[in-house]
Amino acid sequence: MSVPNSPSSTKILSKSAFVAALQCPKLLWRLYHTAKDFPEPSQITQARFDEGREIGRLAQALFGHGIEVAPPSNAVNLVQETTREFLKFRRPLFEAGFLHEGTFARVDILQPVGSTSWDLFEVKGVTNLDDSHMVELGFEARVLAGAGARLRRCWLVHLNKHYVRRGSIDPHRFFVKVDCTEQISALAQEIDQRTEDAQGTIQQHVCPEVKIGFHCDSPCPCALREECWSYLPEHNVTELYRGKNKAFRLLQTGVQRISDIPDAESMTVNQEIQRRTIRTSETYVEPKAIRSFLQRLVFPLAFIDFETFSTGVPRFDGLKPYQRVPFQFSIHTLANFSASAEHRHFLAEGAVDPRREFMEKLRDAIPANGSVVAYNAIFEMGVLDECAEALPQFEHWVRSLAPRFIDLLQPFRKFSYYHAAQCGSASMKAVLPAIAGRGYEDLAIRDGETASAEFLRVTFGQAMAEERQRVRSSLLSYCGLDTLGMIRIVEGLRKAVGEN
Ligand code: SF4
């Protein structure tokens, strides 16, 4: 995120900086004073930016032939002058920019109303609006009104969650316009106050001290999270299972390590298990629960994992905004615990709807009987249900598969097995290295979100053949380890109860 340059020494508060201020004054100050220390945006963040731009462009089509104010936001004066020129034409303006008493906002769309007024539209690539969108719109309206624009009404434009793509995107059905004029006028005083506070913060010479807390992840993970949280020792209280409130309270009292939590502190059963495993360095195992889980497994075992993408702008016919599209699966099958695992996989090729081929190949790969094991199986089951809805020829098969699913997450979510190295998490990324001694550390792609962003980039973007091949190979390694990892986890559980 860049901040606008000012010709004077006064720092200008942009809309994105105002949004940062809503999350944390320290984040805001650092944006203006130590911007170079910010980490580069991840592939995931970059993909979100790109999609936001695509959605913005589609929304412009709602307003006919408008004029784009092209200069970049860090050239405040140029943006302002260009906007002033274009306002005279009384045509829809895209990305118009206004400056008022040290505050600066660029507006997605301004539509002329009558001979002197304007309607303001802010486009959001979400299917549901929340209060933060309203406050952002309020900031824009404040800047525009202060700069002398006569605003009639202020609108938020968001994606229609019921829209189903058929052919090219129809912007009039794809977007929903919500008149927020009354709500933002009710917020005016609060926005004035927040703006003044933020302006005060960026003019300060010293970074405000802010303790870590819930705000570090809300409304989104802060770019400085790693840095601000780095003082915490290994096995610190923020790893307490479902215990963030308790953790931040304990930090206030100087308790950082789980092992140092006083015995008098009220803890849940799972939190007690965490403290005990750290203090004793012993893994916690409930043999009865684990044996009963293992007894439910019926051979041949099919360990499956899917990768999906979901985009605000549906890529194919029949999709809604953000509907999941499976593009990859890995399946390891095991005839018995002494046999070698057989591996099959699918990774979609080309910018076409992969769902039919995905389902056909998966149906071929899953044995006709035996357990289907997934980690957090609700995800795989949900994806299959959605595919069956779109492709009814698979409905019967998907329904027959449902009772065969076994969720490998369950023993860990229930704390039937817990190793201190899981750091309070039951996710596979935490469990695999804890139980098997090795995880995803050697892989180029290590999580599902990155897998999805990378697949989209090399499949629908401009990647060269070599780059595409490199990413596809990383995707195969990543998804393959997810299913091989499940076998290792089952082996770990068997070992923990003396079954191998
Ligand atoms: S990590 Fe938390 S405390 Fe640090 S700047 Fe971000 S929101 Fe503020």
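## Gln271 in helix α11

Gln271 is buried, its relative accessible area being 1%. The model described here is a predicted one. Within it, Gln271 lies in helix α11, which covers residues 269-280.

When residues up to four places away in sequence are left aside, Gln271 is in contact with Leu240, Tyr241, Arg242, Gly243 and Lys246.

## Packing of helices α1 and α2

Two packed helices are described by the angle between their axes and by the distance between those axes. For helix α1 (residues 15-23) and helix α2 (residues 25-33), the angle is about 145°, and the axes lie 6 Å apart.

On the α1 side, the contact is made by Ala17, Ala20, Ala21 and Gln23. These residues meet Pro25, Leu27, Leu28, Leu31 and Tyr32 of α2. Sorted by class, the contact between α1 and α2 comprises 8 nonpolar residues and 1 polar residue, with no charged residues.

## Cysteines and disulfides

The structure contains 0 disulfides. Cys220 accordingly takes part in none; the nearest cysteine sulfur belongs to Cys222, at a distance of 7.7 Å.

Cys220 and Cys222 fall into separate accessibility classes. Cys220 has a relative accessibility of 39% and therefore counts as partly exposed. Cys222, at 15% relative accessibility, counts as buried, because the class takes in values under 20%.

Conventions: Residues numbered from 1 in each chain as written. Predicted model: local features only at pLDDT ≥ 70, side-chain atom pairs only at ≥ 80, totals over all residues. Heavy atoms only, no water. Helix = DSSP H or I, 4+ residues; strand = E, 2+ residues; numbered from the N terminus. Buried < 20%, exposed > 50% of the residue type's maximum accessible area, 1.4 Å probe, protein only. Contact = heavy atoms within 4.5 Å. Axes fitted to C-alpha atoms, helices over the stretch in contact; angles between N-to-C directions. Nonpolar A, V, L, I, M, F, W, Y, C, P; charged D, E, K, R; others polar. Disulfide = S-S within 2.5 Å.
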